[in-house]
Amino acid sequence: MLLSMTLANFKSVKNPQTISFVALNDKRLDLTKTVQGTEKFNILKTSAIIGPNGAGKSSFVRALEAVKGIVFAPEEVENPLRRYLSKAAFAYGDGKTRPSVISMDILLDRGVPGDEDKPSVIARYTIKATQDGFYEESLYYIMNGSKKIMFERKWTDSGYVYRFGKYYRGEKKRLVSKLADDRSFLQGAALKGGQTALEVYSWLEKNLNVLPLGYGAGAERVIVDALKTHPEWSDQIVSFLWALDITDIFRLQVIRNDKGMETVGISHCFVNAKGTEAYGQTFMNESLSLRRLILIAVSFFEAFSSEKTIVIDDFGQLLHPYVLTHIMEIFHTNDTQSQLIVVDCNPALLQKDLMRKDAIWFAEKGEESSTVYTSLADYKGMKAKQGIYEGYLQGVFGALPIESDFYFQNKTKENN
């Protein structure tokens, strides 16, 4: 599970900003909205980054996409760093010439309390790079609270210098001599079967799910693959949609469209004055909101079946606020070790008792128009009965758009 993320000089973020998904040890907060971490902490089941348009909320998501893109870049891609870090540095001041920094803490193993041979393991993977090459790449393990180096790669005037810890397992010297400046060591070591690199590599590949927007070809492919693997999910999706008051759909199935491509066929049935009528459509002919809901349903089912970290940008896009909050409530019902992290500008997520206070982060622009992330839990003066939703709309927490008057000037009319 994702424990925290730190960004610096990336997109709208200039100075280091850390977002944590570790639950506070506060008995006043709802423990059922957390999942087990180690014996020392729990992890938030749902978290949200909220703020106005253009505040930098999505920089967090873009960073996750960048890490996955770099680590899983196909061999034929000439320079994966250029694809994901081109124009990624903070745009003002000296940011353009400095490397971007992305660091994440991942819970790999919860360990066995009291058993020194089976410690809890937190991986801290860090990338510091520009589009031209890595300045630094490192992997540390925090084992029962003790930080251990796995590998570290740093650029110096004489080239790259590598360090390896005694717990590192995998190829070293032969890989180092062949690795290009723009390629991730984590990827290279994992593809060579290195045990240590594979642990983080596998988590990024199998556990971290950054959803596409939900209504394009990428979403369609995700849903097709899911229904081919789990055909029984068709009925579950129908039930999910019914729970959101979409009651005219009775079947989903993988079919081939007019071009012979696999798609999702969606069967509708409704009652009118003439009786019962039915019709079918393909996924891409449905409304944008319905496509998005089906993708969210599939991602939830995956998280309800095995441990996943789901990240959804523009979570409330195209969705009614009541639907949005009910989806969050549905995720809370799962009993797996999964987490949902959403990014949105919709304050509906601040409704009373929907999420824990330590699960809410606000994004707003600070000095030099750089993004600052602030946890709701940092507002110590909040009274227990004071409404967070109402307080946010009144400007208590900032992170609101600054509005001003606008008048369209019709130059053509004035000239006449």
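**View 1. Helices α6 and α8 are oblique to each other.** The model is predicted, so local features need pLDDT of at least 70 and side-chain atom pairs count only at pLDDT 80 or more, while totals for chains, interfaces and linings use all residues. Residues are numbered from 1 along each chain as its sequence is written, and side-chain values use heavy atoms, with hydrogens and water left out. Helix α6 covers residues 217-229 and helix α8 covers residues 288-305. Helices (H or I, at least four residues) and strands (E, at least two) are DSSP runs, numbered from the N terminus. The axes of α6 and α8 come within 10 Å and cross at roughly 45 degrees. Axes here are lines fitted to C-alpha atoms, for helices over the stretch in contact, and angles run from 0 to 180 degrees between N-to-C directions. The crossing of α6 past α8 is left-handed. Left-handed means that the near helix is turned anticlockwise from the far one by less than a right angle, and right-handed means clockwise. On the α6 side, A219, V222, I223 and A226 take part, and they meet R291, I294, L295 and V298 of α8. By class, this contact of α6 with α8 holds seven nonpolar, no polar and one charged residues. Nonpolar covers Ala, Val, Leu, Ile, Met, Phe, Trp, Tyr, Cys and Pro; charged covers Asp, Glu, Lys and Arg; the others, Gly among them, count as polar.

**View 2. Helix α7 packs on α8 at an angle of about 120 degrees.** Two packed helices are described by the angle between their axes and the distance between the axes. Helix α7 spans residues 233-243, and its axis lies 10 Å from that of α8. At this angle, α7 and α8 are oblique to each other. The crossing of α7 past α8 is right-handed. From α7, the contact uses W233, Q236, I237, F240 and L241; from α8 it uses L290, L293, I294, I296, A297, V298, F300, F301, E302 and S305. The residues in the contact of α7 with α8 are twelve nonpolar, two polar and one charged.

**View 3. S4 sits in strand β1.** This strand runs over residues 2-8. S4 is buried because its relative accessibility is 12%. Buried means under 20% relative accessible area, exposed over 50%, and partly exposed in between (1.4 Å probe, protein chains only). Not counting residues up to four places away in sequence, S4 touches T18, I19, S20, F21, S103, M104 and D105. Contact means heavy atoms within 4.5 Å.

**View 4. S47 belongs to strand β5.** Strand β5 consists of residues 46-50. S47 counts as buried, at 1% relative accessibility. Leaving aside neighbours within four places in sequence, the residues in contact with S47 are F21, L340, I341, V342, M355 and A359.

**View 5. K128 is located in strand β7.** The strand extends over residues 121-130. With 31% relative accessibility, K128 is partly exposed. K128 touches P99, S100, V101, F134, Y135 and E136, when residues up to four places away in sequence are not counted. K154 is 26 residues from K128 along the chain, and their C-alpha atoms are separated by 9.2 Å.

**View 6. K166 lies in the loop between β10 and α3.** K166 is exposed, having a relative accessible area of 67%. From K166 to M150 the C-alpha to C-alpha separation is 7.4 Å, and the two are 16 residues apart in sequence.

**View 7. E368 and S369 lie in the loop between β17 and β18.** The strands on either side are β17 (360-365) and β18 (371-375). E368 is not a glycine, yet its phi is positive, at about 55 degrees. S369 is not a glycine either, and its phi is positive at about 60 degrees. E368 is partly exposed, at 43% relative accessibility. S369 is also partly exposed, with a relative accessible area of 39%.

**View 8. The whole structure has zero disulfides.** A disulfide is a pair of cysteine sulfur atoms within 2.5 Å. C269 is partly exposed, with a relative accessible area of 30%. For C345 the relative accessible area is 34%, so C345 counts as partly exposed.

Technical notes
Angles under 35 degrees count as roughly parallel, over 145 as roughly antiparallel, 65 to 115 as roughly perpendicular and the rest as oblique.
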